[in-house]
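The following exercises are to be worked with the sequence and the model at hand. Each task is followed by its solution.

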Amino acid sequence: MDRCNLLFCLLVLSSLITWSFCLENGLARTPPLGFSTWNAFPNVAIDEKTCYQLAEAIISTGMRDAGYNVFVVDEPCFVGRDQNGSLIENSKTWPNGLKAFGDYLHSNGMLLGIYTDQGPTTCGGCIASQGYEYKDMARFAEFGADYIKVDSCNRDVEPSHWATFRDAIIATKRPMIFSIIAQGQKDSWVWGNETGNLWRTTNDIMNNWNGVLSNLDNQENVPNIEKYAGPGAWNDPDMLVVGSPPSRLGSGLTPTEALAHFSLWAVLKAPLLASAWIQNLTADYLQIFLAPEILAINQDPLGVQGKKISGGPHSGSQLSSIPCDTEDVSQIWLINSDGTIRLKNFPNLCLTAQDCSSASGTPLIVYDCFPSSTACQYLNQKWNFVGQTIQSQLPGGACVAVGNNPLTLKKCDNSDEAERWSYNQSVGLFKNLESINTGCLGIANPHSFSSGEIYAGPLVNGAFAAVLFNRFDTTMQLILDYRDLGLPVSTTMLIRDSWKRQTLGTYENRFQQQLGPHSSRIITLTPL
């Protein structure tokens, strides 16, 4: 065995030895591929006619033959229960019923997915399954369901709730893929792989570029999250918004952004569930869904989730007053209606008081927005920009002030120039108004923020898949150093563009690529 293959085997083994799955139902050995109605029709009780039209479009466009075989009805909106407690379908919106639709899907080589919630009602306000878990899973089995999605609205999130659904699914004796939607709460990646086949690691994705970035960062900022994924159990940063129509969830993605989104989810071994008006997709978006070599990366039977190997945001970086620069992404901020002040290019990173104290001298950092636990109800991440001061919503109302680098909180004093800031909304800069210090709010050491990101992971044939990714609004040069893959610097790679399906040639030591704004390049690398 040569050295490259030996290192590859060691990397794979280091990924595998921590896997521990209790739900061995033999399903979802690769990430599920399919379609969900939710983002295409948010907050709508989807009807039978529309579902048949969408399924027909999935077949006619070639998506089914490409592997998109799961169709999730999200949501059918049941209208009540009969005297035996069984769910009653809506005869107006589903005159032929879910079983007939399931039969249609099965006859066309597809699978039926059904949505419900662990609470008394769903997120859309329809009847849900609390207290009826066994009854409802039996009912869904009667419909011919192959995939169950259980949401987390209107009831506290407790892992035991989904364990009950797991046991109820097993009791039906029908194979059904189990999708846990706990929005990443209670560290769903830790208990999810003991309970379901996939589990949401994030909030619902928004249908825009910041939504993609937020869900990407929210998942990838969890240390070693990839170790919880593998054949039969997958981290889920939410469905795709490739080609999704403008809605209350956002204005959508450009084709370039959509390709980056799709490529990242593929290498991260995320479930790939489309949610668009399939019959209205333009060729730009349809060809992304059908990209065979990118799909092959996602469906690689080794099942090792890729991870970020270089670049990108660093939660916990300290803040300083630094020379103003509109090209420095560490200085570009957005004031949000939820009280947070976020980095524009890293929407999951917030201006944060390092602890829950408003005492003078409390350091200021950027940190994951709304982390899973906090002692002060996130008030250390909420601010009021009033009268040229950035005031913390922590009790005591301290203000962001210069005078020390890194920056700290200070007792508010409207006469103190060190606490006064102007905010230029068009460029996103907070500029200090102190006469002797006119710097801007930014990262103390921003250099790590100026580079693009690379996500990569091993494939079953000894190769690697990688995405070179530029989230920024400007063009940049990215370099993939083979040492970041655990290989010797002298390694030579045969590199192939997985989107264009072109072999690029052999490259020794590294591969570099110039990328435009919001773009990516997905490649496979085979050691020679």
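Contact means heavy atoms within 4.5 Å. The model is predicted, and local features need pLDDT of at least 70, side-chain atom pairs count only at pLDDT 80 or more, and totals for chains, interfaces and linings use all residues. Residues are numbered from 1 along each chain as its sequence is written, and side-chain values use heavy atoms, with hydrogens and water left out.

**Exercise 1.** Determine which residues Phe-71 touches, not counting residues up to four places away in sequence.

*Solution.* Step 1: the list includes Phe-35, Thr-37, Cys-51, Leu-54, Ala-55, Ile-58 and Phe-101. Step 2: Leu-105, Met-110, Leu-111, Leu-112 and Gly-113 are also touched by Phe-71. Step 3: Phe-71 is among the residues with the most contacts inside the largest nonpolar core, which has 87 residues. Such a core is a set of buried Ala, Val, Leu, Ile, Met, Phe, Trp, Tyr and Cys residues joined through side-chain atoms within 4.5 Å. Helix 9 (residues 255–267) supplies the largest share of this core, 8 residues; helices (H or I, at least four residues) and strands (E, at least two) are DSSP runs, numbered from the N terminus.

**Exercise 2.** For the salt bridge between Glu-226 and Lys-307, find where each partner lies and how accessible each one is.

*Solution.* Step 1: the N to O distance is 4.0 Å, and a salt bridge requires a side-chain nitrogen of Lys or Arg within 4 Å of a carboxyl oxygen of Asp or Glu. Step 2: Glu-226 occupies the loop between helix 8 and strand 9 (234–236), whereas Lys-307 belongs to strand 11 (residues 307–310), so the pair, 81 residues apart, links distant parts of the chain. Step 3: Glu-226 is buried, because its relative accessible area is 16%. Lys-307 counts as partly exposed, because its relative accessibility is 36%. Step 4: a search of the whole structure finds 20 salt bridges.

How values were computed:
Buried means under 20% relative accessible area, exposed over 50%, partly exposed in between (1.4 Å probe, protein chains only).
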